[in-house]
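Please look through the sequence and the model shown here, and then follow the paragraphs below from a single residue out to the whole chains.

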Amino acid sequence: MSKGRFGEHGGQYIPETLMNAVIELEEAYEHYKNDKEFNDELTTLFNEYAGRPSLLYYAEKMTKDLNGAKIYLKREDLNHTGSHKINNVLGQILLAKKMGKTRVIAETGAGQHGVACATAAALMGMECEVFMGREDTERQALNVYRMRLLGANVHPVDSGTATLKDAVSETMREWTRRLSDTHYVLGSVMGPHPFPTIVRDFQSVISKEIKEQCLAKEGRLPDVVMACVGGGSNAIGAFYNFIDDSSVKLIGCEAAGRGIDTFETAATISTGSSGIFHGMKSYFCQDEYGQIAPVYSISAGLDYPGIGPEHAYLHDIGRAEYVAVTDDEAVNAFEYLSKTEGIIPAIESAHAVAHAIKIAPNMSKDKIIVINISGRGDKDCAAIARYRGENISE
Amino acid sequence: MKISDAFNNKKAFIAFITCGDPDIETTEKLILEIERGGADLIELGIPFSDPTAEGPVIQAANERALKNGITTDKIFNMVRRIRDKVNIPLVFMTYANVIYSYGTDRFLKTAAETGINGIILPDVPFEEKSEFSVVCEKYGLDFISLIAPTSKNRIETIAREASGFVYCVSSLGVTGVRNSISANVADIVKHIKSATNIPVAIGFGISTPAQAHDMASCSDGIIIGSAIVKIVEKYGRDCIPHVYDYVKEIKQAI
């Protein structure tokens, strides 16, 4: 088995042209992850720039309303740029800078990772090119403008289904064209080794904080930690420091779209099978001949036909549970959290909120659930309004 | 028939086409005419929905073929129909998932039975190859290794375990026609040859007879894909005489 395996998943299924680049990245990461100066710099960026630690907020009204488990929200939506994506981006761009790179490239779906990347590139003086499916540039025109405002070039991608998976493919192609000065800032816990490990490590600050904060507030660990899963970076970040705590149940919420019994779904664990794509072995939505399926979710950030290899492994060994949440349930939860707590969650995060609404009432009042609110929902307001039949534009 | 036959006392011309573009009947005719035009080996591309190593020309060919309903089984059937009529080696070029999802053993066993001689997987580097190459060996297929301009310190390791021929990638980036090809490809070929006796063919970016001549003069053969697929794209089902003429012209140039 090659490097970067999580059980049978992971690996490095990429063109030979990229191999020395990922080896160089792995070596640099292995060096800097234990380097005090690097870690001090990153902690300063997290605390002084991104606004960490993010709050662990007791959702008292939601708890009372559901009349079951006590609910806490991990407020990654309060980070600078509005989502957990900034954690990974600051880490990777700082690493790229140490490696002497002057240019970063990135894929983006809804635009959250692209905006975070453009932000960190502006801060650290790097050239930034973002690849985004043509369809997504139209659905998320405001984020395209934000990236351009921050100094990035946005390249609409027309190939394939013109969505997130095609943006990833096109960024990989761009990396094979220009490697020497360029780092690919992959946005999720996916792709070839070492990306799933690097992204997970930078996102694991989420579970490190949840643990400390929950111990400080409750004197014990939570019973359930839950998060939405597309590629799975916010979820792995929220899970990672609890993996060895077997009393903590970990739940990933996938996007079922219009339902897992329809073709309009992006629920990889529920409907996918083992495959090799985008540099990794993992689970993918695909047909019997291994052609990657066009997937669908109301949430552009979860609209991806695969899942990170570490999640595939946590599923295989039964350490984490993966459930599917439909568009309808997510939209209801989006509105519910807004009205109940005055917090508008990203439609991605609303998938996790929706599942909490299902399970919390059946749990006793001494149980604790932590929901990772991976991002804020301002970006989704126009789309949700349209979903409800109100024709507003951004 | 072996892959080495393509290189016997001559510079090999390796032609690539995407199976099922525009339809499988045309592919079948193309194989026969490409051989008649003088090609020494044909790479048959099995379409994949997301071909990350391909430029726009071959990406579009994959999309056309899949849209027209091509499948791995239909391609196997086509190879079964024509194998006896074709006297040059045939290799499949596709992506790891096409083989893995079919069942690696089942796919490679069937490929060998239909008379395929080797496999090229651009998304399977040296580190991941054993999953496929061990099964290839079992069925007598060559697992073709690729070496890129960025391979550097990896060249000898890859070349020593190479089988069939070494696919030397001429340039950075993805497949597609290029106006000029970097000069140091000759040095890379020399480096590869210091580590292995098997033939080295250069691919990526070659389209004109002059480029083909130059690249063939510093290696054992050349691979042309996008330039042929472009002709197929332009003429559709009527592409066959045009591809034949092109293949003949390239063969004469090398």
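A residue is called buried when its relative accessible area is under 20%, exposed when that area is over 50%, and partly exposed in between, with a 1.4 Å probe and protein chains only. The model is a predicted one, in which local features need pLDDT of at least 70 and side-chain atom pairs count only at pLDDT 80 or more, whereas totals for chains, interfaces and linings use all residues. Residues are numbered from 1 along each chain as its sequence is written, chains are lettered from A and ligands numbered from 1 in the order in which they are written, and side-chain values use heavy atoms, with hydrogens and water left out.

With that cut-off, Glu209(A) counts as buried because its relative accessibility is 6%. Glu209(A) belongs to helix H10 of chain A, which spans residues 205-218; helices are DSSP runs of H or I with at least four residues, strands are runs of E with at least two, and both are numbered from the N terminus. If neighbours within four places in sequence are set aside, Glu209(A) is in contact (heavy atoms within 4.5 Å) with Arg52(A), Pro53(A), Ser54(A) and Lys74(A).

Helix H7 of chain A, residues 141-149, has Asn143(A), Val144(A) and Met147(A) as its buried residues. These residues lie on the same side of H7(A), because they cover an arc of only 105° around the axis, the arc being that of the directions from the helix axis to the C-beta atoms. An α-helix has 3.6 residues a turn, so residues three or four places apart point the same way. The exposed residues Tyr145(A) and Leu149(A) are carried on the face of H7(A) turned away from the buried side. The cover over the buried residues of H7(A) includes strand S5 (103-108), helix H5 (112-124) and strand S7 (153-157) of chain A. After H7(A) comes Gly151(A), with a positive phi near 100°.

Turning to whole chains, chain A contains 16 helices and 14 strands. Its radius of gyration, 19 Å, is close to the 21 Å that the globule rule gives for 394 residues, so chain A is as compact as a globular protein of that length; the radius is taken over C-alpha atoms, and the rule is 2.2 Å times the number of residues to the power 0.38. Of the 394 residues of chain A, 65% count as buried.

Chain B has 11 helices and eight strands, and its C-alpha atoms fill a box of roughly 45 × 40 × 30 Å along the principal axes.
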